[in-house]
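Hello,

The structure we spoke about is below, with my notes after it. Please read the notes with the model open.

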Amino acid sequence: MLTALSGADLAQRLRDTLPDAVLDWNDSAVWVAPDSISAVAGALRDNPELDFQFLNAVSAVDFVAHFELVYHLTSISKRHTAVVRSRVYGREEPTAPSVVGVWRGADFQEREIWDLMGIRFTGHPNMKRIMLWEGFDGHPLRKDFL
Amino acid sequence: MTIRTEPMTVNVGPQHPSTHGVFRVRITFDGEDIVEVEPVLGYLHRGTEKLAEERNYVQIVTLTDRLDYTSSMINNQAYCLAVEQLLGIEPPPRAKYLRTLTAELQRIASHLIAVGFFVQELGAFGTPLMYTFRSRERILDLFEMLCGARITVSYMRPGGVFADAPDDFWPALDQFLNDFEGELAELEDLLLNNEILMVRTRGVSPLPPDVAINCSVSGPVLRASGVNWDWRKMAPYDAYDQVDFDVPIGSSGDNYDRFWVRVQEVRQSLRIVRQCIEQIEPGPARLELPLVLRAAPGAEAYGRVEASKGELGFFLVSDGGISPYRCKIRSPSLINLTITEHLLIGWKLADMIVSLGSVDINMGEVDR
């Protein structure tokens with residue numbers, strides 16, 4: 001059976017290695033600074049007590065005032081799950097660091113987020129549109145795309 | 001003396017009979033060896049996630065049928081579990097058993113397609129595929145009895161299932177199970193120890209477990225690589241905590257193992273179906289809920305199931321309205337494609353289609 005790590009628990013453990021990364025937390029998730037995402041990802045994967053080897057999903061939500069990236073994680077050896085989130089501001093050219101170097105499973109999902117939500121991931125080896133064609137105008141999953 | 005050849009780029013798909021739909025991949029060959037692979041996606045993109053933002057919670061069930069159209073029951077189930085988590089409701093026990101039962105029948109149907117086409121792609125044209133389709137037809141007939149549809153079933157609803165099974169469903173199911181026992185044994189006899197199949201697939205395109213995990217691979221492909229991970233066991237939903245079944249695990253993660261794991265899973269699904277028939281009790285099959293559902297503003301849920309292809313998840317965010325504010329679909333087929341390069345590069349042209357087939361993707365789910 002799986003246990004879900006609370007945001008407070010995760011925040012506590014992340015603070016030991018990355019004191020500036022953690023911004024906020026609640027029962028179910030921890031919020032980290034957008035520019036520290038890939039460092040946080042590395043820490044979550046390589047900390048033997050957390051051992052988050054498996055990235056379930058990367059989601060992006062458009063809250064209009066900001067975008068939110070949501071990472072669902074699972075540790076296969078420790079049998080626990082966690083949710084890490086990050087707020088990304090700006091609608092012109094929002095960017096966040098890619099986690100492909102840590103979890104290759106993020107490859108297509110980050111491309112999809114760029115394609116449909118318009119958040120660019122720096123350090124991604126192939127940051128191109130995936131569902132729509134190059135030259136498509138706009139990002140359809142944004143709330144202002146009608 | 002060495003003969004120097006120039007690399008050649010070949011385009012496969014999207015209109016190609018062996019790419020399981022409209023999958024397109026650009027492959028560069030050096031002679032017969034694959035040196036570069038680039039999947040090109042999006043030919044079946046219908047914007048399901050955006051469409052979901054403009055429909056109410058019950059209407060979206062019909063959109064989920066059209067994701068992986070070979071396992072629509074399981075898609076219904078994943079979505080309904082996410083909505084139930086969002087609303088904080090639980091379906092009645094009979095509905096849970098009906099869902100588990102239909103989801104396992106759907107898993108059998110989906111794996112029969114995967115196995116049939118896998119053998120077809122090895123060159124066994126027609127016969128084995130027709131054997132698997134013969135059994136799959138019977139499952140679709142059963143679904144038709146339940147809800148009137150064979151593929152786009154929309155059988156499940158948040159809070160239960162659309163309607164209880166009709167009385168003549170149960171004898172028909174028994175008849176199918178008895179017949180299928182023999183048909184499956186015949187299929188196993190024909191295929192599992194078939195020398196041609198083994199020579200062609202053993203040791204081809206192995207996937208080490210650490211690569212599989214790093215690439216977020218799930219489902220039979222992950223288990224074929226020797227990782228014991230099944231969401232039905234790890235986070236049981238519906239009636240899976242009431243039934244007893246084993247999780248088949250491969251060893252080397254080659255094409256044969258991926259094929260073998262699916263055949264074994266069909267056996268386990270049969271076990272689950274039989275236990276569901278034994279344990280199911282009379283009772284309501286659906287909660288009384290308002291026609292238009294509303295979740296609390298700010299509520300969020302991530303509902304996941306072990307679908308026939310892997311982990312299928314729905315991430316729902318509510319703003320208090322009648323539709324989800326955001327509906328993200330974590331599709332196993334899309335993410336399992338991350339390993340395409342790993343499986344193909346360094347192998348020969350002749351194994352390309354077989355290796356792609358062993359991943360068992362469905363384009364409705366890849367492109368959404």
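**Notes on the predicted model**

Asp360(B), the residue that follows helix 14 of chain B, has a positive phi, near 55°. The model is a predicted one, and that applies to everything in this email.

Helix 14 of chain B covers residues 349-359, and nine of its 11 residues are buried, so the helix is largely enclosed by the rest of the structure. The buried residues are Asp351(B), Met352(B), Ile353(B), Val354(B), Ser355(B), Leu356(B), Gly357(B), Ser358(B) and Val359(B).

Next, the helix pairs in chain B. The axes of helix 5 (residues 127-147) and helix 6 (residues 169-191) of chain B come within 10 Å of each other, crossing at roughly 165°. Angles over 145 degrees count as roughly antiparallel, and helix 5 of chain B and helix 6 of chain B are therefore roughly antiparallel to each other. The crossing of helix 5 of chain B past helix 6 of chain B is left-handed. On the helix 5 side of chain B, the contact is made by Pro128(B), Tyr131(B), Thr132(B), Ser135(B), Arg138(B), Leu142(B), Met145(B) and Leu146(B). Helix 6 of chain B contributes Phe169(B), Ala172(B), Leu173(B), Phe176(B), Phe180(B), Glu183(B), Leu187(B), Leu190(B) and Leu191(B). Sorted by class, this contact between helix 5 and helix 6 of chain B holds 13 nonpolar, two polar and two charged residues.

For helix 3 (residues 72-87) and helix 4 of chain B, the axes come within 7 Å and cross at roughly 140°. That angle makes helix 3 of chain B oblique to helix 4 of chain B. Here Met73(B), Ile74(B) and Gln77(B) of helix 3 meet Arg99(B), Thr102(B), Ala103(B), Gln106(B) and Arg107(B) of helix 4. The classes in the contact of helix 3 with helix 4 of chain B are three nonpolar, three polar and two charged residues.

Met73(B), in helix 3 of chain B, is buried, with 30 other C-beta atoms within 10 Å. Leaving aside neighbours within four places in sequence, the contacts of Met73(B) are Thr102(B), Ala103(B), Gln106(B), Val153(B) and Tyr155(B). Between Met73(B) and Gly182(B), 109 residues apart in sequence, the C-alpha to C-alpha distance is 25 Å.

Then the core. The largest nonpolar core has 146 residues, and the members that touch the most others are Val40(A), Val84(A), Ala78(B) and Ala82(B). Helix 4 of chain B (residues 93-121) gives this core its largest share, 14 residues. Outside four places in sequence, Val84(A) is in contact with Ala29(A), Val30(A), Val32(A), Val40(A), Tyr71(A) and Leu73(A).

Tyr71(A) lies in strand 5 (residues 67-75) of chain A and counts as buried, with 25 C-beta neighbours inside 10 Å. Not counting residues up to four places away in sequence, Tyr71(A) touches Leu55(A), Val58(A), Val83(A) and Val84(A). Tyr71(A) and Gln109(A) are 38 residues apart along the chain, with their C-alpha atoms separated by 11 Å.

Last, the interface. In chain B, 27 residues are in contact with 21 residues of chain A. On the chain B side, the elements that give two or more residues are helix 1 (48-52), helix 8 (209-214), strand 7 (311-317), strand 8 (326-330) and helix 12 (332-336). Strand 7 of chain B provides the largest share, four residues. By class, the side of chain B that touches chain A has 13 nonpolar, seven polar and seven charged residues.

Regards

Conventions: Residues numbered from 1 in each chain as written. Chains lettered and ligands numbered in written order. Predicted model: local features only at pLDDT ≥ 70, side-chain atom pairs only at ≥ 80, totals over all residues. Contact = placed C-beta atoms within 7 Å. Nonpolar A, V, L, I, M, F, W, Y, C, P; charged D, E, K, R; others polar. Core = buried A, V, L, I, M, F, W, Y, C linked by C-beta atoms within 7 Å. Buried ≥ 20, exposed ≤ 12 C-beta atoms within 10 Å, placed from the backbone. Axes fitted to C-alpha atoms, helices over the stretch in contact; angles between N-to-C directions. Parallel < 35°, antiparallel > 145°, perpendicular 65-115°, else oblique. Left-handed = near helix turned anticlockwise from the far one by under 90°.
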